[in-house]
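Subject: Structure for you to look at

Hi,

Here is the structure I promised to pass on. Have a look at it first, then read my notes below.

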Amino acid sequence: MTIDQIKTLAKGSFKGENLDPKMVLKITKLLTRNDLKLYVKALKSEERKRRVTVFLPNIKLSDKQVLQKKIAKLFPNKKIEFSIDPSLLVGLKIVDDDMIYEYNLKNTLESLSNYLESQYD
Amino acid sequence: MISSEELIKQLEKKLATFSLDIKTENIGIVEKNTDSVIVASGLSKAFMGEEVVFQDGSRGVILNLDEDSVSIIVLSKTNNIKEGDTIKTTGKILAINASEDLLGRAIDSLGEPLDGKPKIKKNKLMPLEKIAPGVIEREPVNTPLKTGIKAIDAMTPIGRGQRELIIGDRSLGKTAIAIDTIINQRAQKGKKQKGVICIYVAIGQKQSRTAQIIEKLKQENALDYTIIINASASDSVASQYLAPYAGTAIAEYFMEKGEDILIVYDDLTKHAWAYRQISLVLRRPAGREAYPGDIFYLHSRLLERSVKLNKANGGGSITSLPIIETQANDVSAYIPTNIISITDGQIYLQSDLYNAGVRPAISVGLSVSRVGGAAQTPLMKSVSGKLRLEIAQYNDLAAFAQFGSELDEATTNQLERGKRTVQILKQPQYNPLQEPLEFLSIWIVTNGFTDDIQESQVMRFEEEYHKFIITSYPELLEKLQSGEKPNEETLKLLKKSAQEFKKTFTPHL
C-alpha cells in the first residue's frame, strides 16, 4: 500500500471531529504490520491537524464559552480544546498543528530577556 | 557586570521598538536521529537553509524539505537529541559574526573561539550562503597577489580576485605554498598596494597539523592579519561542510570594507567527502563516485564568491587558493576535474619532481594561470616569457636526450641552461622572496650568468648574489621595487653587478 493510500484511509477514518471506531477496526484488520505503523502515524498527524489547543493561565466558565465561539470562528471545522498553563501569567497561547501563536506575558518577558542576553553576550 | 544605567538604557531601547504583535512559531518533532542528521515531522513553514533550535538548545540547519518531513543537520558538537524532542524554526538563515576582532584568532565554523581567548564581540552577522556579486559589480583582475615563490610569481602569476587551484598528491607541499603566500603578505604591507587579510580554512585536517600551522604563522608574525577557521577531522561533518562558507562570509565582511582578502581552503577534497556523507545519510540519490548530483554546484557557488569588485563597489577583492588532493597523480578524477573547470588556473605539484628534489614541485607544463598575467608587473613580465620558454625547451630536450644519442653543442648548452634554471626555481619553505629578488634570480639565469657555475652551486650562487645586491647595490633594488620594466640604464647596472659578483664568488669544490 502506498503512503498516499494510507493517508486517504486515515482521513476517511474520521467522522466529523472524532475518529470513527467502527471504520478504524475495519481498516486495521486489512493492514499488514508495516502499513499499520504508517496508518497510526497518519492518524496522529490527522488528529493534530483537526485539533486546536488553547492554553490559558486560568479561565472562568462564562469566559470559556465566549472564547470558544471566537476561536471556532478563527479555526473553522477544528476541534477546540482548552488547557490551563499558569506559567503564561497573562494572555494566551494557541497551538494549531505545527503552528504556535503566542500572545502572553511569559513570552514577552522571555523575548526581553533574550534581547538583553544577546546585547551582552 | 552591567551598570544599572546601561541596563535601563537597553530596556528603553527595546521598549521603543517593542512589538505587540502576536508571535508565531513553527514547530516540529524529531522522528529520527541518524549520525547528526535529524528527520523531523511538522515544520510545515520552514524554508531551505533556515536555522532551527532544538529543545536542548542545539542549533541545526534545514537541508531537505520533503512532503511530510524535513531533514536537519545538527551544528552543535554534543548530540543529545532524542526522538520526540521539539524543534522550533527561527526564521533566520545561518550567519556568522564577523568583526575586526577575528584577526589573529582561531575559530570554528560557527564563529566560536578555539584558541582559549575571550569570546568575540558581536558585530555584523554575515550569511553563510550568499549569491555571488554580479557582473556589474566586478572588474577584471588587475592587481598582483605576490606569493613570494619564484616559480609561481613568474610563470603562474596570481591576481587579486583570482581563484587558483593548488593540486597534487599528498605530502607534496600544497599547504606549504599556501602558507608561504600568507607569510609573504607581511612583506607586502605598507607598499604601493594595500595589505592583504588572510583566512586559512582547515577542513578535515588533523588538529596537530593545524596547531603547527598556527604556531608557524605566529613565529613569522603572520597571525596578526590571519584568521584560522578549523573544522578538524574529529569535528562533525556539518562543521566540515560549513567551514568554507563561514570563511567566505568573513572574507565578504572585509571585502565590503574595501579590503583585499586571501582565503585558503585546505582542502576541498575533504569538503566534498563531508558533503557526500551528509547527502548519503539524507538519502539523496548518489551519482558518480557516490557524490550527490549537486556536488559541482557545492563548489562553484563557493568559489564564485571570490571576486574583484570595481571602485564603485569599494574595490575590495577575495582571492582564493582552493587545495585538492589527488590520488596517484590522477587529475581526471571527479572532484579535481570539477574544481579545475571552476577555477582560473591551477598550480600542479608532481611527485616525480618532488622525489627528484625540485621543491616546490611545480609542474611548469601543467600549471596555468588564466587571468593572472594581466596582473603581473612589467618587471616580472620582462623575464617570465623567456623563463617559460627555456623551461619548456629544456623539458622537451631532456626527454629526447634520454635516448643517449649524441647531441650538438647548441642542444647541450640549452640542456645545461635548463638544468640551472630548474635549480634557480628551487626555493626553501617559509622563505618567500620579494619581487626584486625574484626578478634578479630569474634574470641572472636567463641571461647566462650561471652557465659556467656548477649545477649544485646555483642555489648558493643565487643566495650570495642576493646578499651582494642588498649590501652593494641598494639603489638597484630601489629601482626594481617600482615594478617597472628595466630600462637600458638599469640593465647596464644589472650586468655590471652580476659581473662584479661573479669575480667574488668562489665555487666550492
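Let's start with helix H7 of chain B, residues 295–303: 7 of its 9 residues are buried, which leaves the helix mostly covered. (Buried means under 20% relative accessible area, exposed over 50%, and partly exposed in between, with a 1.4 Å probe and protein chains only. Helices, H or I with at least four residues, and strands, E with at least two, are DSSP runs numbered from the N terminus.) The buried ones are B:Ile295, B:Leu298, B:His299, B:Ser300, B:Arg301, B:Leu302 and B:Leu303. Their cover includes helix H5 (237–256), E13, helix H6 (268–281), E14 and H8 of chain B.

Before going on, two notes on how to read all this. This is a predicted model, where local features need pLDDT of at least 70 and side-chain atom pairs count only at pLDDT 80 or more, while totals for chains, interfaces and linings use all residues. Residues are numbered from 1 along each chain as its sequence is written, chains are lettered from A and ligands numbered from 1 in the order in which they are written, and side-chain values use heavy atoms, with hydrogens and water left out.

Chain B as a whole

Chain B has 15 helices and 16 strands. Its C-alpha trace spans about 85 × 60 × 40 Å along the principal axes. Of its 509 residues, 54% count as buried. If you take the contacts in chain B (heavy atoms within 4.5 Å) with a separation of 6 or more, 73% of them are between residues 24 or more positions apart.

The sheet

What is the strand order of the open sheet in chain B? The 8 strands run E8-E12-E11-E13-E14-E10-E15-E16, with mixed pairing. Strands E8 (106–107) and E16 (368–369) are the edges, each pairing on one side only. (Two strands pair if DSSP finds at least two bridges between them.)

E14 of chain B is mostly covered, with 8 of its 9 residues buried. On one hand, E14(B) runs parallel to E13(B), with 6 bridges joining them, and here B:Val264 stands opposite B:Leu321 in E14(B). On the other, 3 bridges join E14(B) to E10(B), again running parallel, and B:Ile166 stands opposite B:Ile323 in E14(B). Strand E10 (165–168) is also joined to strand E15 (345–349) of chain B by 4 bridges, and these two run parallel. There, B:Ile167 has B:Tyr348 in E15(B) as its bridge partner.

Two helices to look for against these strands: helix H8 (334–342) of chain B lies across E10, E14 (317–325) and E15, at about 155° to E10(B). Helix H4 (207–219) of chain B lies across E8, E11 (196–203), E12 (226–231) and E13 (260–266), at about 175° to E12(B). (Axes are lines fitted to C-alpha atoms, for helices over the stretch in contact, and angles run from 0 to 180 degrees between N-to-C directions.)

Empty space

Rolling a probe the size of a water molecule over the atoms shows where empty space is left. The search uses a 1 Å grid over the protein atoms alone: a cavity is a set of points where a 1.4 Å probe fits but cannot get out, a pocket is an open set with protein on both sides within 12 Å along at least five of seven lines, and lining residues have an atom within 4 Å of a point. Grid points are joined across faces, edges and corners, and a volume is the space filled by probe spheres set on the points.

How many cavities of 30 Å³ or more are there in the whole structure? The search finds 1. The largest cavity has a volume of about 60 Å³, and its lining includes B:Pro144, B:Asp153, B:Met380 and B:Glu435.

The second largest pocket holds about 1,300 Å³. It is lined by 44 residues, and A:Lys41, B:Glu31, B:Ser41, B:Asp68 and B:Ser69 lie nearest its centre. Helices H1 (3–12) and H3 (33–49) of chain A and strands E1 (23–34), E2 (37–42) and E5 (69–74) of chain B each give two or more residues to this lining. The largest share, 10 residues, comes from H3(A).

A stop in chain A

A:Thr53 lies in strand E3 (51–56) of chain A and is buried, with a relative accessible area of 14%. Its C-alpha atom is 4.7 Å from that of A:Glu81, 28 residues apart along the chain.

Cheers
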